[in-house]
Amino acid sequence: MSQAPVAITTVTTKADLDIFIRFAWEIYRNDPLWVPPLIPMQQEFLSRDKGPFFEFGDACYFLAKRGETVVGRISAHVSGLYEKYHDTETGFFGFFECENDRETAHALFDAAADWVRAKGKVKLHGPLSFSIYDEVGLLVQGFDSMPAMMQTHNPPYYEDLVTSWGFTKTFDWYAYRIVRKPGMDAVKMRKLRDSILSRANCRIQPIERKDFARRGPEIKELFNDIWSKNWGHIPLTDRQFQDIFVTLQPLVRPDLESMILEDDRIVAFCVVAPDMNRSVIKFNGRFGWLEKLRLVYDCRVRPLTYCRAIIMGVARSHQWKRLHHAIILNIFTNFLENHPTMVSCDCSLIPESLEQWNKTLLDYGGDRYKTFRLYDRAI
């Protein structure tokens, strides 16, 4: 990289935003595990006119340059919903990418800090791009495997760039990997699942597409209630729920989505999706009609090999009935009995504070294979 002084510029035009997005290719050009973002979707996500975050938040994007060469990027943002449910003192950074140079990184953090400070904030927190239900945290463990869909990925040296500016750990999120292991007994697991459900007077069934459309609002409200006591939770808006879950429905296989019912009331659910990253990595940012057709085929038709449990939860009224065990056992039995080509299922992101979920995943043979860390610093 050039040793010209670092200069920070603000993204103001569509051309600037395109440079902001495409800079990631410079950082990861020699990383075979990196999954390039789909450029049209990233453009919409970052757009103040179209992005769902901007219904309740504001953001500014910065580029770091040495001469005419871009060497880093960062976003600074504030969230009205975070302030409603948590505090009014915290601003955020995200979309951080940088050359391996502390000077460049510190200049980017200074720019983000200045922007949120001007909004009245006294703490900078991140990386969040933009919230905990988007891409969250800095990868600090698990660099040897491809990220699952909706996970971050970064070079190991980013941790030094972050901590050298004075950031300290706030919170960790874990990713677990469920793999087929010798001795796994699907019949035994299914009997244990059914025994748990019987004692709770509940039943489990797939979420059919017509049910998801009909019961979507119920699932959203249950999700927001379940997660309301967890660290950093901000209720999903209708638009966010639409973008995250409803948009995925054409790509999801019904047998991978399940709900636990007490009478006709949903008391627990799990949404598992084919891991789109296994296809998206081949698109190199493109997302035209050929890529869309390929994605549908890979997710809906091809034998299932990799997937991700995007979200799972148990109603607070039922959290001591071991229904989280039933959900995890259901994932295992489904793969063992119905998907012989399955290699692994990612279960993430699990907050470090959810001791029951972390223990249960480990007890049933899950492998904690990635850790994503959030940081903050007083400014």
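In which helix is the place of Thr360? Thr360 belongs to helix H12, which covers residues 355-363; helices (H or I, at least four residues) and strands (E, at least two) are DSSP runs, numbered from the N terminus. The model is predicted, so that local features need pLDDT of at least 70 and side-chain atom pairs count only at pLDDT 80 or more, whereas totals for chains, interfaces and linings use all residues. Residues are numbered from 1 along each chain as its sequence is written, and side-chain values use heavy atoms, with hydrogens and water left out.

Thr360 counts as buried because its relative accessibility is 3%; buried means under 20% relative accessible area, exposed over 50%, and partly exposed in between (1.4 Å probe, protein chains only). Leaving aside neighbours within four places in sequence, Thr360 is in contact with His324, His325 and Ile328, where contact means heavy atoms within 4.5 Å.

Helix H6 comprises 14 residues, 186-199, which at 1.5 Å a residue should span 20 Å, and its end C-alpha atoms agree with this at 20 Å apart; the expected span is 1.5 Å times one less than the number of residues. Ala186, Met189, Arg193, Ile196 and Leu197 of H6 are buried. These buried residues line one face of the helix, because they fall within an arc of 95° when seen down the axis of H6, the arc being that of the directions from the helix axis to the C-beta atoms. On the other side of H6, Lys188, Lys191, Ser198 and Arg199 are exposed. The cover over the buried residues of H6 includes strand S10 (203-206), strand S11 (257-262) and helix H11 (323-338). Just after H6, Asn201 adopts a positive phi of about 60°.

Positive phi values also occur in loops. Asn284, which is not a glycine, has a phi of about 55° and is found in the loop between H9 and H10; at 40% relative accessibility, Asn284 counts as partly exposed. Arg322, likewise a residue other than glycine, has a phi near 65° and is found in the loop between strand S13 (306-314) and H11. With 32% relative accessibility, Arg322 counts as partly exposed.

Cis peptide bonds were also identified. One joins Gly126 and Pro127, with omega about 0°, and Pro127 is found in the loop between strand S5 (123-126) and strand S6 (128-129). The peptide bond from Ser348 to Leu349 is cis as well, with omega near -5°; Leu349 has its place in strand S14, residues 344-351.
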